[in-house]
2 protein chains.
Amino acid sequence: MANILIGIDLGGTNIKIGCFDTHSPRCPSRLRLAEAGEAGLKLLKKTSITTDADTGPQAVVEKMIAAIGGLVKESGFTLSDISAAGIGTPGPADYKAGIIINSTNMPTFKNVPIRQMLSDGLRCPVVFDNDANAACFGEFTAGAGKGVDDMVFFTLGTGIGGGIVSEGKLLRGSGGNAAELGHIIIYPDGRLCNCGQKGCAEAYASASNTAKRATEAVQAGEKSSLKKVLDKYGKITCKDVYEHLKAGDKLAKKITDETAKALAILCINMLHTTEPTRIVFAGGMIAAGNILLNRIKDYFNEQIWNLKKETVEICFATLGEDAGIIGAAALAQDVQKQK
Amino acid sequence: MANILIGIDLGGTNIKIGCFDTHSPRCPSRLRLAEAGEAGLKLLKKTSITTDADTGPQAVVEKMIAAIGGLVKESGFTLSDISAAGIGTPGPADYKAGIIINSTNMPTFKNVPIRQMLSDGLRCPVVFDNDANAACFGEFTAGAGKGVDDMVFFTLGTGIGGGIVSEGKLLRGSGGNAAELGHIIIYPDGRLCNCGQKGCAEAYASASNTAKRATEAVQAGEKSSLKKVLDKYGKITCKDVYEHLKAGDKLAKKITDETAKALAILCINMLHTTEPTRIVFAGGMIAAGNILLNRIKDYFNEQIWNLKKETVEICFATLGEDAGIIGAAALAQDVQKQK
């Protein structure tokens, strides 16, 4: 039997799936991946299919299994060659029990025992985790986290997802819902977050909320070249903010500074909590490049304590959209190992 | 040979030392302690001596070793019966290397290889950790954390110390300085903290800063029965604030509410970071009792998200001042086990 691992990133719109080969049947994953780099887990084929969540969980899982079957076949294997699979979904969920309780972007998913359903369909052990945890573990094993044992990870998209690796292990918490780092409150009684809290980091510094703050400012009459964008397209995107920043717009600079400052405060808070050696940012917003990264570092240096010199590295992710499927497969490798 | 463990809590003013017996020579500490409760680690004798830090590290360590020798002898054993020792000191320090780099309350301690010095003096392995980590581990193994695997711990004293237990293990971070939870920033650009940061939780909600905020408010002319205390004694203590709160003073209520709210935000932030099942408060300030605890819970319930129902328990520590020496001894048990 071959030793095929499947990594799945289940989102509200798309399901990304990767089919991976491991070079040895029973390698201690972290060590081997660290030694062999990305080659420890070789991506054979990947695909992306639409979720069509409205068809219901049973249909979605069947479609997923069919797609996996196709991928495995294209790679020259069969379903029986799969030794384990990993799947990431947005939190919160009952990750310990393997159940999606409910999902804001997949409303038909209520109390779905996703881990068991996949395990039954694929006839292999399945590991179920938060999608940001999976992406974090992907970057940790094969991307920006290579070579360190302690890492913190943020994805900057519609929301802010998080992941924590401590002493080489993903920190999962009592119910698998640790590292919901976008919901760390940094401005008590501040902006209302979708989660119901006020002042979450996500309410300021996610890509969506960066764009939203820019829109609000322009609508409130602040002078900006972004006004033309709003007038023409009816909305401002995060990408617009960074483009206008690069072109010298003052409001875009102010909005970016607020985002960078919120992210720097998050970095400081995480440094004092799990003391990582590397903090990795991922997600659509990192396309802004060094103009964002350097502002985060500036604010970090400005706001950090002086009790000791801190050397934590703040950097961007390197695996792009594949981080989730790589991480899910790497997590599957661990569950397989435990068997 | 007997199996004696030593737990040390090294502070700027006093050194607390405990001499413990373990019931079996090679017990897996967590399991055994969980099963046997406090009896897994039996406190034979304890003492407290003055630190006299101005005499220098060599003299302090010699005095410490003499005191340990005395304690062990009183317990019916000799130094050679000690199988391991644990020592906690205030952070930050280079806990991995075993070195106190410098210490705000022991100015003569500069680059002191405390772990090696103690290990040479006692001829046994020594574990060196943050004092709040040690107290956290004490509560975890024998106090308010019994029966859970994931716990967060805060000490409310001059500052706010922290400790995190995740999946039964103390979370130490890359250099042993994780869980400096008092320095989580909750009010960016807020009150200046002793650490150099602005808006740390400690700058609002430690016992000292609760008292300081009350003093500032009275000095600024706010009406309060605390004014008489300030006029008479030249200062207001945290204890005064809670006494006047209980007597119905409005300013004392406002100050307490601000403290409770800051602590509730800390609880929420830690829930979203390490997802503990229990959050334990310790330190002098918990003498305030339920009037404080209930306000923390009120603010927690008011400010927490609504994405899922949270069931984390928020409670007070139970071991009092012994937590540090118990935890240091329990940590020593782990180092001994590894040998």
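**Strand 1 and strand 2 of chain B form an antiparallel pair.** In this predicted model, I4(B) has D21(B) of strand 2 as its bridge partner. Strand 1 covers residues 4-10 of chain B, and strand 2 covers residues 14-22. Seven bridges link the two strands.

**Five strands of chain B make an open sheet.** The strand order is 3-2-1-4-7, and the pairing is mixed. Strand 3 (41-50) and strand 7 (126-130) of chain B stand at the edges. Each has a single partner strand, so one side of each lacks a neighbour in the sheet. From one strand to the next, the twist averages 15°.

**Helix 3 and helix 4 of chain B lie across strands of the sheet.** Helix 3 spans residues 114-122 of chain B. Strand 1, strand 4 (82-89) and strand 7 of chain B are the strands that helix 3 lies across. Helix 3 runs at about 150° to strand 7 of chain B. Helix 4 spans residues 131-142 of chain B. Helix 4 lies across strand 1, strand 4 and strand 7 of chain B. Its angle to strand 7 of chain B is about 105°.

**Helix 3 of chain A has four buried residues on one side.** I114(A), M117(A), L118(A) and L122(A) are the buried residues of this helix, which spans residues 114-122. They lie on the same side of helix 3 of chain A because they cover an arc of only 115° around the axis. Their cover includes helix 2 (57-74) of chain A. It also includes strand 1 (4-10), strand 4 (82-89), strand 5 (100-102), strand 6 (110-112) and strand 7 (126-130) of chain A. R123(A) follows the helix, with a positive phi near 55°.

**H244(B) is a buried residue of helix 8 of chain B.** Helix 8 spans residues 238-246 of chain B. H244(B) counts as buried because its relative accessibility is 16%, below the 20% cut-off. The side chains of H244(B) and S225(B) are joined by a polar contact of 2.7 Å. Leaving aside residues up to four places away in sequence, H244(B) touches S225(B), L226(B), V229(B), D249(B) and A252(B).

**Chain A and chain B bury about 3800 Å² between them.** Carbon and sulfur atoms carry 54% of this area. The contact takes 44 residues from chain A and 44 residues from chain B. In chain A, T273(A), E275(A) and W305(A) lose the most area to chain B. Together they account for 15% of what that side buries.

Key. Residues numbered from 1 in each chain as written. Chains lettered and ligands numbered in written order. Predicted model: local features only at pLDDT ≥ 70, side-chain atom pairs only at ≥ 80, totals over all residues. Heavy atoms only, no water. Buried < 20%, exposed > 50% of the residue type's maximum accessible area, 1.4 Å probe, protein only. Polar contact = N/O pair within 3.5 Å; in protein donor to acceptor, adjacent residues only side chain to side chain. Contact = heavy atoms within 4.5 Å. Arc of directions from axis to C-beta. Pairing = 2+ DSSP bridges. Axes fitted to C-alpha atoms, helices over the stretch in contact; angles between N-to-C directions. Buried area = accessible area lost by both parts, 1.4 Å probe.
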